[in-house]
Amino acid sequence: MTVNDVLTVHGGTPLHGRIRVRGAKNLVSKAMVAALLGDAPSRLYDVPRIRDVEVVRGLLELHGVRVSDGAEDGELILDPANVASATSDEINVHAGSSRIPILLCGPLLHRLGHAFIPDLGGCHIGPRPIDFHIQALREFGAVVDKAADGMHLTAPNGLHGTKLELPYPSVGATEQVLLTAVMADGVTELRNAAVEPEIIDLICVLQKMGAIIKVHTDRVIEIQGVPRLGGYTHRPIPDRIEAASWAAAALATGGDIEVLGAEQVDMMTFLNVFRSVGGAYEVTDTRPPRDGSPGQEGKIRFWHPGGELRAVALETDVHPGFMTDWQQPLVVALTQARGLSIVHETVYEQRLGYTEALNSMGATIQVYRDCLGGTPCRFGRRDFKHSAVIAGPSKLHAADLVIPDLRAGFSHLIAALAAEGTSRVYGVDLINRGYEDFEAKLAALGAHAERA
Ligand code: EPZ
């Protein structure tokens, strides 16, 4: 953290205005990796200017992919003509900054016959193991050698289609299997796969490249390996996590925010909860230009309609459940709801630590080891504080806050904006990992915040 990595936030002003979200961080980074598999350049639109994209760009360039900006703002061209090895030292420079390196394994094994994974970073939201990834790669025929600097992988006999079942529908492990199976020899059947919209969009990307992938019911995905893939041209789904974060900011500050680019279909579960809490929203669908009349970009307007917010019980879950990444921003709004809200976090075991900071601002949140949702989850008997009870409404007051991870960081920011008085938020640069131009957006929404 640098001395400038501090935002002074003068809270108590409702956020009003309009901002735009671009391509989903959690698809864009994977689509960039997929470009490695092609034998022709790929073109990706609507890429946000965020730190995670810079990290993946750096990793790809390290492996010989030429990445250049296209004519349209947010357009990236990825040319994999000269894919080459990188040294573990070079790759290690990226260690600690992202979890994406692990997804390069399958593509690099296909292209070069070997790959290296440094120690992985990403948000500090629990242990975040990679055992599912390693197990899957081994089942495809990869040989994994653990060394002090990371893991070295080879595929002496090539990669072969296989039958796999994930112990839990992990997003990253499903992407690992997709990115490896598309060019493996034979058919792969993946059971208990994640089916998040970002995964379906990655499947669309791979299909455009020439892959053959069937998505069956009940979390089964079947991939028929092909010997070669081409490039793709793709406009990603919008970032539904960022859209929901601004929606929560509107509710927590008593404001009114129009999120251009937000789409209803991938946010249905969030919208249900938002309405149950007492928030209002209005969806405007995208309208393509027709018969000389101009088109219109889709958007969702989120606002606090006045009156009291209502407590809710919710459980985070894999898609189509309530996303774990929606949880932290929404909890700030729940501190303003009358009654006891319950949040059962079932995706990550340690994703409620940030509630201490909210308590230091006057919120009343207690965390419990028990599964307080309707369904017992895999963390119930493992001593993790993964359920929260939020009593409201609480008047929030200013505090000094240190940002622990990306989504909790955004929730700290919302809390500081909703609180009376002047807060200092330390470590705000972390928010750049996933929220494009967030300071400019805050300014556009009328927030009073400045660096240091
Ligand atoms: C992705 O992480 C996202 N990151 C996360 O968003 C998101 O919270 C998560 O999916 C769930 O939706 C990216 O897409 C870059 P998982 P991922 O594998 O793929 C356990 C954000 O803020 N697990 O679905 O790493 C794991 O510990 C980030 O944008 C294993 O046990 O998540 C967790 O409990 C944060 N072994 C659960 O599965 C493994 O090998 C789900 O993790 C892999 C995962």
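How do the residues of the shell around the ligand divide into nonpolar, polar and charged? They divide into nine nonpolar, five polar and nine charged; Ala, Val, Leu, Ile, Met, Phe, Trp, Tyr, Cys and Pro count as nonpolar, Asp, Glu, Lys and Arg as charged, and the others, Gly among them, as polar.

The model is predicted: local features need pLDDT of at least 70, side-chain atom pairs count only at pLDDT 80 or more, and totals for chains, interfaces and linings use all residues. Residues are numbered from 1 along each chain as its sequence is written, and side-chain values use heavy atoms, with hydrogens and water left out.

View 1. The ligand sits in the largest pocket. A pocket is an open set of points on a 1 Å grid over the protein atoms alone, where a 1.4 Å probe fits, with protein on both sides within 12 Å along at least five of seven lines; a molecule sits in a pocket if more than half of its atoms lie within 2 Å of the grid points. Helices H1 (25–34), H5 (131–140), H6 (171–181), H10 (324–334) and H12 (406–418) each give two or more residues to the shell. Helices (H or I, at least four residues) and strands (E, at least two) are DSSP runs, numbered from the N terminus. Because domain 1 (6–21 + 238–451) and domain 2 (25–234) both give residues to this shell, the ligand lies between them; the domain bounds come from an automatic or database domain assignment.

View 2. Of the 23 residues around the ligand (a heavy atom within 4 Å), Lys30, Asp131, Ser170, Val171 and Val347 come nearest. Polar contacts are pairs of N or O atoms within 3.5 Å. A ligand nitrogen is 2.7 Å from a side-chain N or O atom of Asp131. Ligand oxygen atoms are found 2.7 Å from a polar backbone atom of Val171 and 2.8 Å from a side-chain N or O atom of Arg407. The protein buries 92% of the 830 Å² that the ligand exposes when taken alone (Shrake-Rupley method, 1.4 Å probe).

**View 3. Two cis peptide bonds.** The bond from His319 to Pro320 is cis, with omega near 10°, and Pro320 lies in the loop between strand S18 (313–315) and H10. Gly392 and Pro393 are also joined by a cis peptide bond, with omega about 0°.

Key: Polar contact = N/O pair within 3.5 Å; in protein donor to acceptor, adjacent residues only side chain to side chain. 1 Å grid on protein atoms, 1.4 Å probe; cavity = no way out; pocket = protein on both sides within 12 Å on 5 of 7 lines; lining within 4 Å.
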